Amino acid sequence: MALPADDAETARARLDAATADLDPPMAVLDLDALDANAADLERRAAGRPIRVASKSVRSRPVLRRVLARPGFAGVLAYTLAEALWLTGGEDPVTDDALVGYPTADRGALRRLLSDPDLAARVTLMVDSPDQLDLVDAVVAPAARPEVRICLDLDASLRAAAGRVHVGVRRSPVHTPDEAADLSRAVAGRPGFRLVGLMAYEAQVAGVQDAPPGRPLRGLAVRGMQAASVRELAARRAAAVAAVRAVAPLEFVNGGGTGSLETTAADPSVTELAAGSGLYSPTLFDGYRAFTGRPAALFALPVTRRPAPGTVTVAGGGWIASGPPGTDRLPRPVHPAGLRMIGTEGAGEVQTPLRGAAATTLRIGDRVWFRHAKAGELAEHVAVLHALTGDRLTDAYPTYRGEGQAFG
Ligand SMILES: Cc1ncc(COP(=O)(O)O)c(C=O)c1O
């Protein structure tokens with residue numbers, strides 16, 4: 001999403017002026033953009049509460065800011081250790097953390113199971129009785145508080161009698177019957193309480209339906225997503241009904257930033273999840289349903305000029321997870337017209353950049369980048385400098401800045 005030249009220059013001038021006293025590398029969180037993005041997520045959620053996907057935020061003050069809004073409730077955590085950190089202590093970020101993925105962290109389980117308050121605030125994700133066995137092996141049912149459990153229902157699209165799988169590899173529990181079987185297994189065991197069901201349709205929520213410069217792919221993705229939404233609406237409803245016949249669920253979670261409209265339209269879903277849309281990284285540029293405002297940017301300093309028309313910035317290898325490809329690289333956005341060199345990409349300690357703008361950059365100038373994904377940016381910096389209007393108004397520590405690393 002390239003800005004018109006004048007707007008790009010204004011955006012650059014605003015960032016440069018506000019951070020003039022700081023030395024890069026540094027990251028800025030534009031609170032005006034963040035708040036606008038949060039409001040747009042709320043609008044798209046059409047009244048359903050949004051559980052904030054903390055992996056896509058990785059900063060406690062930012063989570064607090066978002067959770068103070070009326071449209072957001074609860075955290076979708078990415079590890080149990082993180083969920084304990086967010087729900088514990090004097091001033092918890094939340095009293096409702098759903099761990100979005102199964103855990104095998106025995107130490108964290110021991111802490112959860114030794115504290116009834118934490119056990120009431122944290123919900124574990126399972127897709128097999130084996131994960132229940134692990135909990136029992138850490139502390140036997142009779143010696144612990146009840147453990148809150150959510151079932152992970154596979155939301156991928158299967159075609160050709162299961163030979164074609166479109167989506168991510170998460171839970172093996174795909175059919176309503178399989179969900180009912182697992183819910184009976186949970187409900188029949190002492191020490192567990194089944195409270196939720198989650199079905200995350202990654203192939204809709206996390207795949208761009210209008211990828212820039214790839215119209216044919218966009219067409220194919222839109223066809224796949226329409227088929228997937230139809231298929232899932234029927235299957236998720238049947239699975240929810242089957243599980244509700246076993247246990248009175250508190251919530252049914254679904255969706256992500258890219259699917260809020262379609263997930264909110266599914267009456268079997270009681271709450272949504274989203275996080276990436278708050279920062280609006282480059283992998284979320286290519287969706288027809290929404291246009292986010294880039295809220296998280298980082299700056300690197302120009303340190304040398306190896307050749308005419310080329311500058312080198314310090315650092316740069318802030319690469320996103322997922323299938324390796326150029327779409328995982330950070331994108332230089334200010335000044336406009338810079339690109340990486342194919343043979344080097346984003347380097348471990350320095351990154352050469354080419355383009356017309358390189359001729360005007362001097363040593364010590366800064367180049368502004370956007371990350372491909374949201375939360376991973378926060379693993380590279382201790383603080384997100386909070387920008388309001390034209391001024392830095394705060395410095396929000398990241399998880400890393402608070403000495404926390406959850407993998
Ligand atoms: C279980 C689950 N729900 C929702 C999301 C959506 O998060 P985001 O809005 O950050 O893409 C994810 C992302 O991977 C996820 O794993």
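**View 1. The loop around A46 in the predicted model.** In this predicted model, A46 is placed in the loop that runs between α2 (31-45) and β2 (50-53). Although A46 is not a glycine, its phi is positive, at about 50°.

**View 2. The cis peptide bond between P24 and P25.** The peptide bond that joins P24 and P25 is cis, with omega of about 10°. P25 belongs to the loop between α1 and β1 (26-30).

**View 3. The cis peptide bond between H334 and P335.** H334 and P335 are likewise joined by a cis peptide bond, and omega is about -5° here. The loop that holds P335 lies between β14 (331-334) and β15 (339-340).

**View 4. The salt bridges of R14.** The side chain of R14 forms a salt bridge with that of D390, with a distance of 3.8 Å from N to O. This pair links distant parts of the chain, since R14 sits in helix α1 (residues 5-18) and D390 in the loop between β18 and β19, 376 residues apart. R14 also meets D32 in a salt bridge between side chains, at 3.4 Å from N to O. For the protein chain, the count of salt bridges comes to 32.

**View 5. The two domains of the protein chain.** The domain assignment divides the chain into domain 1, which comprises 5-29 and 291-400, and domain 2, which comprises 32-279. The C-alpha centres of the two domains are 32 Å apart.

**View 6. The area buried between domain 1 and domain 2.** Contact between the domains involves 20 residues of domain 1 and 23 residues of domain 2. Together the two domains bury about 1,700 Å², and carbon and sulfur atoms account for 59% of this area. Of the area that domain 1 buries against domain 2, 40% is supplied by R293, Y396 and Y399, more than by any other three residues.

View 7. The interface of domain 1 and domain 2 contains 9 residue pairs in polar contact, both residues of each pair being at pLDDT 80 or more. On the side of domain 1 that touches domain 2, β18 (383-388) and β19 (391-397) each contribute at least two residues. The largest share of that side, 3 residues, is supplied by β18. By residue class, the side of domain 1 that touches domain 2 consists of 11 nonpolar, 5 polar and 4 charged residues. Between domain 1 and domain 2 there are 2 salt bridges.

**View 8. The protein chain as a whole.** Along the principal axes, the C-alpha atoms of the protein chain fill a box of roughly 70 × 50 × 40 Å. The radius of gyration of the protein chain is 22 Å, which agrees with the value near 22 Å for a compact globule with 407 residues.

Key:
Residues numbered from 1 in each chain as written. Heavy atoms only, no water. Domains from an automatic or database assignment. Contact = heavy atoms within 4.5 Å. Buried area = accessible area lost by both parts, 1.4 Å probe. Salt bridge = Lys/Arg side-chain N within 4 Å of Asp/Glu carboxyl O. Polar contact = N/O pair within 3.5 Å; in protein donor to acceptor, adjacent residues only side chain to side chain. Helix = DSSP H or I, 4+ residues; strand = E, 2+ residues; numbered from the N terminus. Nonpolar A, V, L, I, M, F, W, Y, C, P; charged D, E, K, R; others polar. Rg over C-alpha atoms; globule rule 2.2 N^0.38 Å.
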